[in-house]
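Today I am looking up aromatic rings and the charges over them. Come and read along with me.

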Amino acid sequence: MANYLNRSLEPVLQRAVTEFPAVVLTGPRQSGKTTLLKHLFGNDYGYLSLELPDVRAAAEEDPRSFLARFPPPVIYDEVQFAPGLLPYVKERIDEDRGRSGQFLLSGSQNLLLNERVTESLPGRAAILHLLPMSWREACGNLHAPLAWEADSGTGTGKPLSPGELWSRMLRGGYPELVANPGRDLQLWHSSYIQTYLERDVRSLRQVGDLGRFRSFLRAIAARTGQLLNLSEVGRDLGVAVNTAKAWISILEATYQIIIVRPYFANIGKRLVKSPRVYFTDPGTLCHLTGLKDPDHAASGPLAGPLMEAAVLGEIIKTLTHRGERPEVYFWRTAAGAEVDFVVEAGGTVVPIEVKTTATPRPRMARGIRSLRSDLGVRCGPGYLVHAGEGRLPMGLGVTAVGVSEL
């Protein structure tokens, strides 16, 4: 397949197909789901997109006949458009329960699709997620460990200059942009947002005013990395707080944002309870906030939140594409001590602080040291992720690592 870029999820997906009758692959629009499924299974499986109105109607009106016309092994793409088909997929699976890899189902709406899968295919389907490409994938270092998992061989496998770092953030991780560096970023991201609004958002009943939803999307982008106050957002846009809650759920269900919730431990301190919001793809974030130039991105007021979003995205994508469920939080006390990200990994807690500087200083790790002091043995080594290169001990269990070595 021309311009195909290998994905870290490939071995996980291939293994799941040998173990489950059905495999569900979800992720945002344009993350490469269809390309991945066709690349791995296209020679042995039929393919059908349920986004097409006539195909969708046939699946909904007479599902048993539809399944007989397009029998397994088969790929049903965008299956969220025909959720009524799923109980009949279950019926077909139960006729031959011992046969693995019968149905490969893909969709770009997580919450709605997973509810249907939970109802219709309990114990019969593996659910996997494909997000935009991580930096590891873009650089071909697909299975490199994360910084706390190994002392070397982590990250992208090659240094990133500051210019390359910020340019990569503007571009984002959607495979089409990674594979085609000459594409017009503004045109692509603008078209992506329009397609997302027209195809994914318009199909959801909670959204009646696409123009106001677009304003909401931009308002959330401007608040990346901040504590999420939906009452304030709703007041600014003139929408009810319940509407704002429904819309934030839509953004999360369609993989546009990541909600990071506070980390709680019994440490006898009053902790902040509001979550933080980040965009899954830094390129989408840059487009929505009007960032078009790497120097502007690096020196502007959103440089810190953008860097945090990129680091969070790398952690989430790396773990998700292994088939794991990431457990990432933030930590902040009412007194002001904070750590950008807290990752639960292997029974320990890994604190991570993110800085835009290329010259890390020990004082930048104060929050990590405070958390380590409070948690004691439950807290593993901490990491100060910065825009430079190289690993540098900061003392008291903290190591500075360049973002390309995360």
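I started with the aromatic pairs, and the count comes to 13. I paired rings of Phe, Tyr and Trp (its six-membered ring) if their centres lie within 6.5 Å, calling planes under 30 degrees apart stacked, over 60 edge-to-face and the rest tilted. I was working on a predicted model, where local features need pLDDT of at least 70, side-chain atom pairs count only at pLDDT 80 or more, and totals for chains, interfaces and linings use all residues. Residues are numbered from 1 along each chain as its sequence is written, and side-chain values use heavy atoms, with hydrogens and water left out.

I then picked Phe66 and Tyr76, a tilted pair at 5.7 Å centre to centre with 45° between the planes. Phe66 sits in helix 4 (residues 63–69) and Tyr76 in strand 3 (residues 74–77), 10 residues apart. I took helices (H or I, at least four residues) and strands (E, at least two) as DSSP runs, numbered from the N terminus.

From Tyr76 I went on to Phe103: this pair is tilted too, at 5.9 Å and 40°. It links strand 3 with strand 4 (residues 103–107), 27 residues apart.

Buried or exposed, I asked of Tyr76? Tyr76 is buried, with a relative accessible area of 0%, and Phe103 is buried with 0%. Buried means under 20% relative accessible area, exposed over 50%, partly exposed in between (1.4 Å probe, protein chains only).

I noted that ring pairs link Phe66, Phe70, Tyr76 and Phe103 into a cluster.

Last, I looked for charges over rings (NZ of Lys or CZ of Arg within 6 Å of the ring centre and within 35 degrees of the ring normal). I found Lys38 over the face of Tyr47, at 4.0 Å from the ring centre, and Arg276 over Phe330, at 4.4 Å.
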